[in-house]
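Let's take a walk through this one, from helix packing to domains, core and chain contacts. Have the structure open as you read.

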Amino acid sequence: MNERVKKLRKQSLEAVNRISAERGLLVTAFYKALSPMQHSVPVQRARLFEYILKNKAICINDGELIVGERGPAPKATPTYPEINLHTLKDLEILDGREKVSFRVDRETREAFREVIIPYWEGKTNRDRIFRNMSDAWKEAYAAGIFTEFQEQRAPGHTVLGDKIYRMGMREIAGEVRKSMEALDFHDDPQAYEKLEELRAMEICANALVMFAWRHAEKLDALAAGEADMGRKEELKRMAAVCRRVPSRAPSTLHEALQYYWFVHLGVITELNPWDSFNPGRLDQHLLPFYRNDLAKGILDEAGARELLQCFWIKFNNHPAPPKVGVTAEESNTYTDFCLINLGGVREDGSDGVNELTFILLDVIEEMRLLQPSSMVQVSRKNPDEFVDRAVRIVKTGFGQPSFFNTDAIILELTGQGKRLEDARRGGASGCVESGAFGTEAYILTGYFNLVKVLEITLHNGVDPMTGKRTGPETGDPAAFESFEALKEAFVRQLHHFIDIKIAGNNLIERIFTLHMPVPFLSLFIDDCIEKGTDYNAGGARYNTSYVQGMGLGSVTDMLSSLHTHVFERKSITMANFLRVLADNFEGHDALRASLLYETPRYGNDDDAADRHARWVFDAFHDAVTGRLTPRGATYRINMLPTTSHIYFGKVVGATPDGRLAREPLSEGISPVQGMDRRGPTAVLNSALRIDHLKTGGTLLNQKFTPDFFKDERSIRKITQLIRAYFSKNGHHIQFNVVSAATLRDAQKHPERHQDLIVRVAGYSDYFNALGRELQEEIIRRTEHEGV
Amino acid sequence: MQIATIFDIKRFAVHDGPGIRTTVFFKGCPLRCWWCHNPESQLPEPETVEIERKVDGRRVPARRTYGEQVGTAELMEIILRDRHYYAESGGGVTFSGGEPLMQPEALSELLRACRKAKLHTCVDTCGHVVATDFERILDDTDLFLYDLKHMDPLLHLKYTGTGNGLILSNADRLLEAGARVIFRIPVIPGINTSDEETGRMISFLEERSDRCREVHLLPYHRIAGQKYSRLGKTIRLPEVKEPGRKMMETLQKRFEQTGLEVLIGG
């Protein structure tokens with residue numbers, strides 16, 4: 001890392017996360033001036049996009065090479081009042097909360113009080129959503145049976161393909177015009193809607209070019225006033241880059257990176273989509289530019305590294321927009337889930353690892369930043385040296401990169417009906433979600449609390465935490481004569497709540513289709529332009545909606561406990577067991593010890609437990625998969641938690657696996673924390689009992705102590721462990737390499753461990769930034785040590 | 001079918017031979033090493049002891065049995081569960097203990113089954129066993145991990161309860177029969193780390209360097225006293241410090257001067 005990068009990195013790390021009123025004020029001014037008949041909805045959104053890019057402050061940070069900030073300064077984070085309005089109380093909470101806080105200064109608070117709140121109160125998309133949800137949906141939501149991803153953020157979860165490296169905005173706008181010309185006003189009843197959408201896209205394409213030119217002007221002005229001759233030249237060169245891209249296709253590495261960054265800013269300015277935006281297969285996309293620059297002497301390897309490092313810092317300057325309420329609980333982090341993909345295979349199926357892959361891995365290790373997140377795609381085509389290199393970064397203990405199975409992802413995607421080439425161009429984004437990059441809108445809709453459903457089943461449809469009837473009467477479990485009867489009741493409850501969730505999803509999807517189109521994002525995802533249809537209306541070539549299953553390990557262990565103790569050993573009756581749960585195990589240490597130590601548990605390659613995992617997974621899969629959404633997407637499942645296992649745990653009482661009331665649940669497809677006693681191969685074998693290929697992603701956490709990675713031989717064994725898991729179609733695995741002692745010390749002396757980054761779920765976070773429960777939970781995850 | 005008495009199965013064992021392995025620990029050992037980490041491995045029969053389970057810091061009394069009698073077919077089933085990890089890593093199965101050759105019938109049956117399943121096999125032995133038992137398993141064992149604890153017969157007797165005559169003659173027998181052997185030396189400061197002792201070990205290895213090229217130095221780890229007291233046993237080892245990294249590296253260098261490949265840890 002050279003001096004420039006060191007300085008930029010320090011600036012980024014030290015920048016305080018704060019709320020900026022800039023976007024909120026611009027959006028309000030725009031809508032206030034708008035007359036209702038003026039534009040169709042898509043054009044209105046496009047004009048707003050243009051208005052923001054025309055009027056927002058241009059920020060060029062001292063010494064940087066890649067330019068552009070979403071707010072007026074690094075980490076100055078905008079809000080999206082048309083989606084979700086922050087109240088003064090919200091601002092107070094954001095400013096004052098201990099974790100994931102955002103400073104709110106007096107001026108910002110005033111702007112909210114005087115301008116933003118008075119205009120938007122009752123008019124946001126969130127208001128629209130909650131007005132339209134059924135009572136059953138609201139009750140289930142309040143009970144913590146599921147969460148709703150789109151209540152404070154827009155659908156996104158998408159990744160860019162290679163389009164911008166081939167085409168400038170001029171060519172893309174040309175595509176838009178061609179599509180307009182092809183509209184058939186005789187036979188296509190939707191031709192007018194398409195025309196409006198395409199008009200909106202064209203406005204957005206031109207707006208981004210204008211935004212880049214504003215940067216060029218500012219850079220020229222800075223160059224004129226710059227005393228340092230070196231920097232002066234640099235600023236001039238940067239201005240030239242901003243005049244060329246995004247208008248035209250990039251011709252150098254610098255232009256390619258700057259182009260992507262403008263597009264990234266556009267996507268996260270248009271709305272606040274989940275997972276921000278993502279360049280995807282960076283080592284593939286950038287390789288031709290890198291090689292060309294080197295061949296022509298435009299750049300040397302050190303120069304390329306410097307540019308990439310500057311690019312990395314831009315991501316770290318952009319925390320996730322502020323979340324409140326349940327959304328903050330399910331995803332409580334600054335991370336905005338941009339997940340860089342490295343390795344994997346090329347479009348033709350050959351090994352995708354190249355020299356830039358290794359350079360990017362160096363960048364990840366050296367930058368050691370929260371954002372962007374990074375992963376390696378591991379195919380059997382990739383060399384071991386590549387995986388070893390990634391394992392050596394994991395060894396440094398900041399949870400990145402995570403490991404994904406390219407060959408399984410391709411099977412998942414083609415199994416969903418995608419073309420093989422589109423599948424090979426894909427990968428994973430967000431935490432672990434499989435997708436076809438540049439061609440798919442795969443939208444996560446919310447977490448689904450499988451544990452809560454079993455709890456409600458055990459209480460004949462009543463939520464024991466509130467005493468309210470929430471589900472149908474499926475029978476008094478004390479009267480169940482067989483384990484099968486319990487399973488049947490569970491499936492009925494499951495379908496009941498999935499029906500509610502999906503009815504809500506379908507409404508929310510329509511709300512976004514009608515009121516919140518994203519014509520800018522639609523420019524980049526095929527075939528939105530060709531179809532003249534917005535990303536949020538089903539314009540992408542492939543459309544998928546996910547419900548994320550939560551608590552597989554916990555619910556498996558609950559079923560195993562009930563099966564073992566009530567039905568098999570008959571050591572306790574169901575009625576007594578339920579009383580013990582109501583007492584939160586008080587005075588029942590012996591039973592609890594037997595549940596914790598002597599009952600078959602998921603994660604130990606023990607069929608007595610694992611068959612329940614398979615059964616629950618299949619029941620959940622069958623309840624969701626294959627249903628259709630209004631935009632023509634197919635519902636599917638994936639298994640990942642972010643931080644919802646903490647939130648979902650808080651709404652569940654004591655459970656038959658020995659867990660106390662309100663404690664966290666298991667996360668992803670990992671075993672209940674600390675319950676895997678037979679080492680990592682047993683955990684992986686248990687995890688393989690579910691069919692990963694039927695999902696759009698599973699998340700598995702493993703924790704190792706640092707001494708496990710002590711030499712090259714041990715590192716290779718981790719590589720082999722990963723390979724073996726992947727040979728059986730495991731989707732993903734990630735490692736926390738830090739000793740429990742270190743984590744304990746960090747709790748006691750947070751000041752000494754301010755750089756301690758740990759793997760949480762599908763992302764890493766600062767250990768100090770985590771809530772106490774999550775800290776405890778991470779410490780409890782089993783540490784595997786070699787013998 | 002034979003029944004084996006085992007006290008543990010360790011999966012993802014990465015220090016007991018090449019690759020990722022499953023190690024099966026047989027119960028029963030002819031030696032009584034002062035530094036033994038697994039006192040529960042010594043007696044050949046299962047032992048039940050009183051223990052305490054912890055639940056939120058509170059203690060719940062419970063019983064625990066060390067040692068389980070398992071049929072070889074069931075053991076093979078467990079072993080085969082991880083065969084894709086062995087295949088990926090060039091790993092396999094290690095039979096350790098205790099002393100696996102204390103149960104030669106069960107061991108040879110397991111090794112034959114492994115051979116049939118094309119698994120790499122490894123036997124971790126103290127060497128103090130009937131010579132003909134080695135011959136029975138020779139064909140089905142890919143690698144022997146062979147412990148050398150002390151070269152002085154009297155000190156060996158003092159610290160392990162037996163002399164080393166049989167151990168050393170069995171070692172030569174194995175080498176002569178063409179078996180692949182890696183010698184493993186537990187490094188216990190003050191017990192087998194004197195200059196003189198190290199010299200004796202080195203000359204033993206040098207004399208056999210045409211048939212054995214590899215040696216592992218296993219640093220001593222402090223013993224868990226709790227296990228001893230639970231079993232009603234007392235630790236005989238006086239306060240011994242764990243060998244530091246520097247000491248291990250110095251030793252490694254000395255052994256390497258003979259041209260052997262020397263590994264710290266397994």
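## Two helices side by side

A quick word on angles before we start: helix axes here are lines fitted to C-alpha atoms over the stretch in contact, and angles run from 0 to 180 degrees between N-to-C directions. Keep in mind, too, that this is a predicted model.

Now look at helix H1 (residues 3-14) of chain A and helix H14 (residues 301-316) of chain A: their axes come within 10 Å and cross at roughly 5°. Angles under 35 degrees count as roughly parallel, so H1(A) is roughly parallel to H14(A).

Which residues make the contact? H1(A) brings Arg4(A), Val5(A), Leu8(A), Arg9(A) and Ser12(A), while H14(A) brings Glu306(A), Gln309(A), Cys310(A), Ile313(A) and Asn316(A).

## How chain A is divided

Chain A has a domain 1 (274-422 + 700-787) and a domain 2 (442-662). Taken over C-alpha atoms, the centres of domain 1 and domain 2 of chain A are 28 Å apart.

Where they touch, domain 1 of chain A puts in 15 residues and domain 2 of chain A puts in 11 residues. On the domain 1 side, helix H15 (325-330) and helix H32 (772-780) of chain A each supply at least two residues, and H15(A) gives the largest share, three residues. That side of domain 1 of chain A is made up of five nonpolar, six polar and four charged residues.

## The nonpolar core

The largest nonpolar core holds 274 residues. Which of them touch the most other members? They are Cys204(A), Ala205(A), Leu208(A), Leu253(A), Ala390(A), Leu450(A) and Ile722(A). Helix H10 (residues 191-225) of chain A provides the largest share of this core, 12 residues. Domain 1 and domain 2 of chain A both give residues to the core, so it lies between them.

Zoom in on Ala205(A): leaving aside its neighbours within four places in sequence, Ala205(A) is in contact with Met169(A), Ile172(A), Ala173(A), Val176(A) and Leu523(A). Apart from this core lies another, of 11 residues, among them Ile19(A), Leu94(A), Phe102(A) and Phe112(A).

## Where chain B meets chain A

Over at the interface, 20 residues of chain B are in contact with 23 residues of chain A. On the chain B side, strand E1 (3-13), strand E3 (47-55), strand E4 (58-66) and helix H2 (83-89) each supply at least two residues. By class, that side of chain B has eight nonpolar, four polar and eight charged residues.

Definitions and conventions
Residues numbered from 1 in each chain as written. Chains lettered and ligands numbered in written order. Predicted model: local features only at pLDDT ≥ 70, side-chain atom pairs only at ≥ 80, totals over all residues. Core = buried A, V, L, I, M, F, W, Y, C linked by C-beta atoms within 7 Å. Buried ≥ 20, exposed ≤ 12 C-beta atoms within 10 Å, placed from the backbone. Helix = DSSP H or I, 4+ residues; strand = E, 2+ residues; numbered from the N terminus. Domains from an automatic or database assignment. Contact = placed C-beta atoms within 7 Å. Parallel < 35°, antiparallel > 145°, perpendicular 65-115°, else oblique. Nonpolar A, V, L, I, M, F, W, Y, C, P; charged D, E, K, R; others polar.
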